[in-house]
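Please look through the report below alongside the sequence and the 3D view.

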Amino acid sequence: YQLQSISDNDFDQLPHNIPVSATIADIEEKKGFIDYFRFVIEVKTKGGSKYLIYRRYREFFSLNQNLESKYAPEDPDKPSPNTCILPPLPGKVYIGHKQEIAESRIPELNTYMKRLLGLPTWLLLDEALRMFFYQTDQDSQQQPRALRRLRPPTRKVKTVKPKMDLLSSPRAEAMFDFRGNSKLELSLKRGEVIFLLRRVNADWLEGTVNNQTGIFPESFVKIIKPLPESDSDGEGGGASGSSAYSCLRCYLLTPSGVDTRDVCVEEDITIQPSHKDLLSRMRNVFKLDDIALNYRDPEGDLIRILDDEDVQLMIWESRGQQGKVKRPVNQFPWELHVTMTSDLSVYNTEI
């Protein structure tokens, strides 16, 4: 069997279009004779390309049955060279709300795909597996929607004036309409050319079109001229001499749990923001008004921030702990703990 003659060390010889990772970006409801939900999956290939495919649970089930019939060993304790232990697939559910069932399956299916694509290289060449992850014409013609699970954790936009030289500027063409969820996200119309400013993360870019600047998902565009490798987040102030930006890691402490956000701070770390500015920023980030700001001192106690002097003390103490806390110094120099105004004593515990 030719597929099975390839050893696990021959990954470099595999075709560039072999899928190496897949992540569920969203679910979509399809209405018709039978209403059902399908999973929007972002696939990344060995060659570095990314695309979206749309699959129902029953297609996962069919793939799993196909692979088990061909490769599952009769005795799991005695696998032969032409077999392998396949990852378990979450079972069928016959009763319940379809959307809730689909949502609950996302983590399990992500784990299933991760383990499936981590199997021996010869199995990655299986025709059924390749066709499952292949972007068909029907997939490519679908218009993606929110892709909510790919949205970056912070949506702070840096105002950068783009170079408007049509021939030399990094740019992309919108392949689908995209409606931004906030003022910080750029709305696109199919066919528009977007001038690229920077990469926000692996899935989102920042750009400008029609005198508007914002971020947008890379899956919605075709890159005409890519950004230089250096134009990505986390590069702050380097040899270029520009002032570094940093991120404030924010925890909203509630009885139901902790909501963590990373918020970009435009000032250099040596310049402290005012208490008023921080409070206003946190109200906007967490969409709450009746909040208080706190930080943890070196002993681990939660200290309420009441004025600019407290902010200065927080920054001074956090700077002193940078060598003790395992986090990128330039990226997350501060931590801010946000509580409801009356709840200081309730959450005075170490996270």
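What follows is a short account of two buried residues and of a set of paired strands.

## Basis of the model

This is a predicted model, in which local features need pLDDT of at least 70 and side-chain atom pairs count only at pLDDT 80 or more, while totals for chains, interfaces and linings use all residues. Residues are numbered from 1 along each chain as its sequence is written, and side-chain values use heavy atoms, with hydrogens and water left out.

## Arg55

Arg55 belongs to strand S3, residues 50–55 (helices, H or I, of at least four residues and strands, E, of at least two are DSSP runs numbered from the N terminus). With a relative accessible area of 6%, Arg55 is buried (under 20%; exposed is over 50% and partly exposed lies in between, with a 1.4 Å probe and protein chains only).

Leaving aside residues up to four places away in sequence, Arg55 touches several residues, including Phe39, Phe60, Met131 and Asp139 (contact means heavy atoms within 4.5 Å).

## Leu89

Leu89 sits in the loop between helix H1 (57–71) and helix H2 (98–116), and is buried at 16% relative accessibility. Its C-alpha atom is separated by 9.2 Å from that of Thr111, 22 residues apart along the chain. Among the residues that Leu89 touches, not counting those up to four places away in sequence, are Tyr57, Phe61 and Tyr112.

## Strands around Arg171

Strand S4 (residues 171–174) runs antiparallel to strand S5 (residues 193–199), joined by three bridges (two strands pair if DSSP finds at least two bridges between them), and Arg171 has Phe195 as its bridge partner in S5. S4 also pairs in the antiparallel sense with strand S8 (residues 221–225) over four bridges, where Arg171 stands opposite Lys225.
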